[in-house]
Amino acid sequence: MAYEDDEVVENLKNWWQKNGTALMFAVAVGLFSFAGWRYWQTTSVEAATQAQSLQQQMQIDVQRLSTNPNDKDILAEVQRLGDQLMKDYSRTPYAQDAALLLAKVAVEANDLPKAITLLKGVIADSSDDTEVALAQSRLARVQAAKGDFADALSTLNEIKEASLAPVVNEIRGDIFMQQNKVEDAKAAYQAADAALAARDESRPLLELKLADVGLEPAARTATDLEH
């Protein structure tokens with residue numbers, strides 16, 4: 001089925017609403033815990049403590065904003081904290097985390113150009129390959145929501161992180177569906193499903209997308225054993 005532009009933007013906002021905050025906390029706990037530790041080793045304890053405190057408060061405020069999206073005071077505080085982290089701690093992992101969170105907020109506000117700018121900044125400035133790949137996957141979604149399909153597909157082609165193969169191919173399938181290229185979407189969704197099947201993992205949303213184009217998910221080992 002083809003998606004209308006408004007539906008695409010709304011789906012993107014819903015995706016960020018449901019997954020963005022949790023994923024950003026996963027990034028903070030995983031990627032930034034190690035990157036933050038390295039920063040602590042190479043700078044003053046006082047500066048590191050300040051940056052970490054600002055980042056934690058920003059994450060809390062982004063969570064609050066998710067449940068109170070019309071609260072202008074919270075939005076202003078999120079923007080202030082993000083700007084401060086990106087300006088005063090630009091060479092730290094905390095600045096990149098702030099940019100990712102601000103991009104999430106921008107998408108929820110339907111400010112796609114701002115989100116694109118922020119995500120491109122992370123891609124250009126980060127030295128962490130996994131973080132860059134995550135930012136690229138989000139950039140592709142935003143570019144597609146904006147109608148820049150060629151740019152979105154080009155962004156996906158730049159992602160080299162093997163662990164993100166299911167996500168990359170699923171996004172690629174979504175983009176083809178937005179263009180009503182059903183056969184291309186089928187191939188992309190099947191590639192995403194095959195990558196998950198190789199890990200014996202499944203994703204209910206992907207299974208729905210497979211069904212939409214008349215396909216079934218590949219068999220999983222665990223499922224086979226149960227039967």
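The mean pLDDT is 84, and 78% of residues reach 70 or more. Helix α8 (residues 149-157) has the highest confidence, at a mean of 97. Helix α2 (residues 31-42) has the lowest, at 53. Where pLDDT is low, predicted coordinates should not be read in detail.

Nonpolar side chains tend to be buried together in soluble globular proteins. In this model, the largest nonpolar core has 30 residues. The members that touch the most others are Met58, Val62, Val78, Leu85, Ala115, Leu119 and Val142. Helices α3 (45-67), α4 (72-88), α5 (93-108), α6 (112-125) and α7 (129-145) each supply at least two residues of this core. The most come from α5, which gives 10. Met58 shows how such a residue is surrounded. Beyond its neighbours within four places in sequence, Met58 contacts Val78, Leu81, Gly82, Leu85, Ala98, Leu101 and Leu102. A second core is separate and holds 24 residues, among them Leu134, Ile159, Phe176 and Leu215.

Charged side chains also pair up. The structure contains 11 salt bridges. In one of them, Glu170 meets Lys209, with the closest N and O atoms 2.9 Å apart. This pair links distant parts of the chain: Glu170 is in helix α9, Lys209 is in helix α11, and 39 residues separate them. Both residues are buried. They also belong to a network of salt bridges that links Arg141, Glu170, Asp174, Arg203 and Lys209.

A further salt bridge joins Asp193 to Arg220, where the closest N and O atoms are 2.8 Å apart. Asp193 sits in helix α10 and Arg220 in the loop between α11 and α12 (221-226), so the pair ties together parts 27 residues apart in sequence. Asp193 has a relative accessible area of 5% and is therefore buried. Arg220, at 7%, is buried too. The salt bridge between Arg199 and Glu201 has an N to O distance of 3.8 Å. Here Arg199 is partly exposed, at 36% relative accessible area, and Glu201 is partly exposed at 35%.

Helix α10 (residues 182-198) has 17 residues. Just after α10, Asp200 adopts a positive phi of about 60°.

Terms used. Residues are numbered from 1 along each chain as its sequence is written. This is a predicted model: local features need pLDDT of at least 70, side-chain atom pairs count only at pLDDT 80 or more; totals for chains, interfaces and linings use all residues. Side-chain values use heavy atoms; hydrogens and water are left out. Helices (H or I, at least four residues) and strands (E, at least two) are DSSP runs, numbered from the N terminus. The expected span of a helix is 1.5 Å times one less than its number of residues. pLDDT is the predictor's confidence in each residue, from 0 to 100. A nonpolar core is a set of buried Ala, Val, Leu, Ile, Met, Phe, Trp, Tyr and Cys residues joined through side-chain atoms within 4.5 Å. Buried means under 20% relative accessible area, exposed over 50%, partly exposed in between (1.4 Å probe, protein chains only). Contact means heavy atoms within 4.5 Å. A salt bridge is a side-chain nitrogen of Lys or Arg within 4 Å of a carboxyl oxygen of Asp or Glu.
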